[in-house]
Amino acid sequence: MASENVGDIWQPVKVKEMARYLGLCILMGINRLPTMRMYWQTTKLWHARFFNMFMTTKRFQHIGQFFHTFNNNAVPLNNTDKLIKVRPVMDYLKQRFAEVYWPKKELCLDEGTMAWRGRLSFKVYNPYKPDKYGVKLYMQADSTTSYIYDFDVYSGIEKLRELGVYICGTIRLIRGAPKELQDIAKGKLPVDTSVYRRKDNTFVLLWKDKRVVSMITNVHNADTQEVQ
């Protein structure tokens with residue numbers, strides 16, 4: 001694609017063609033292949049015939065290159081929504097998910113990670129997952145059919161605080177704690193010693209008892225109190 005002059009071959013996208021593009025993206029999530037071009041290779045055993053029926057690989061790549069869901073000039077100066085540029089698509093999908101299927105009474109709340117290694121402020125890291133970097137999603141699903149009825153994207157702890165939800169609990173230091181605290185925890189920390197690091201209203205604290213206890217809170221400060 002780098003050697004092609006996109007301006008010479010580009011054609012405006014119609015609504016029907018955009019629907020086909022999004023449909024093929026969904027199919028790629030169901031029928032996963034190592035590379036995108038493999039979906040259009042008609043002479044191979046893994047060929048998916050629907051792709052060539054609806055769109056050429058070159059057209060699919062061009063739409064993906066210029067795909068956009070929000071007008072950058074319409075983003076408010078005081079915007080705090082990290083998902084504002086994809087919010088219209090998310091809201092539409094959640095609306096359609098709720099309209100086309102009525103789940104049974106066996107519902108469950110689950111979380112999943114969509115692999116992503118690009119630049120993103122709320123990208124999460126989990127060394128124990130096959131895809132270690134990605135975007136975390138919370139999903140409400142039908143337990144009997146696995147149908148996702150509703151979902152939300154994790155975009156940072158400030159979203160919960162704005163809704164009046166606070167957090168306090170233990171944390172694995174490898175799950176995002178400052179590297180400095182991770183190094184301190186590996187060293188020789190005296191008993192009954194506390195160390196903390198703060199970012200805005202969020203504290204990550206270490207306290208040494210028989211072993212190092214690590215916790216995170218956006219409710220408390222770093223003050224200590226002696227008790228009998």
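Me: What is the relative accessibility of Phe97?

Reply: First, a heads-up: this is a predicted model, where local features need pLDDT of at least 70 and side-chain atom pairs need 80 or more, while totals for chains, interfaces and linings use all residues. Residues are numbered from 1 along each chain as its sequence is written, and side-chain values use heavy atoms, leaving out hydrogens and water. Buried means under 20% relative accessible area, exposed over 50%, and partly exposed in between (1.4 Å probe, protein chains only). Phe97 counts as partly exposed because its relative accessibility is 26%.

Me: How is the pair of Phe97 and Tyr147 arranged, and what is it called?

Reply: Rings of Phe, Tyr and Trp (its six-membered ring) pair if their centres lie within 6.5 Å; planes under 30 degrees apart count as stacked, over 60 as edge-to-face and the rest as tilted. Here the centres are 6.3 Å apart and the planes are at 70°, so this pair is edge-to-face.

Me: What about Tyr196 and Phe203: what kind of pair do they make?

Reply: Phe203 is buried at 9%, whereas Tyr196 is partly exposed at 40%. Their ring centres are 5.7 Å apart with the planes at 45°, so the pair is tilted.

Me: In what order do the four strands of the open sheet come?

Reply: Two strands pair if DSSP finds at least two bridges between them. E6 and E7 run antiparallel, joined by six bridges, and Val195 has Leu206 as its bridge partner in E7. The pairing in the sheet is antiparallel, and the order is E5-E8-E7-E6.

Me: Which strands sit at the edges?

Reply: An edge strand pairs on one side only. One covers residues 168–170 and the other 194–199. They are E5 and E6.

Me: Which ring does the charged end of Lys94 sit over?

Reply: A charge sits over a ring if NZ of Lys or CZ of Arg is within 6 Å of the ring centre and within 35 degrees of the ring normal. Lys136 does this over Tyr154, 5.8 Å from the centre. For Lys94 the distance is 5.7 Å, and the ring belongs to Phe151.

How values were computed
Helices (H or I, at least four residues) and strands (E, at least two) are DSSP runs, numbered from the N terminus.
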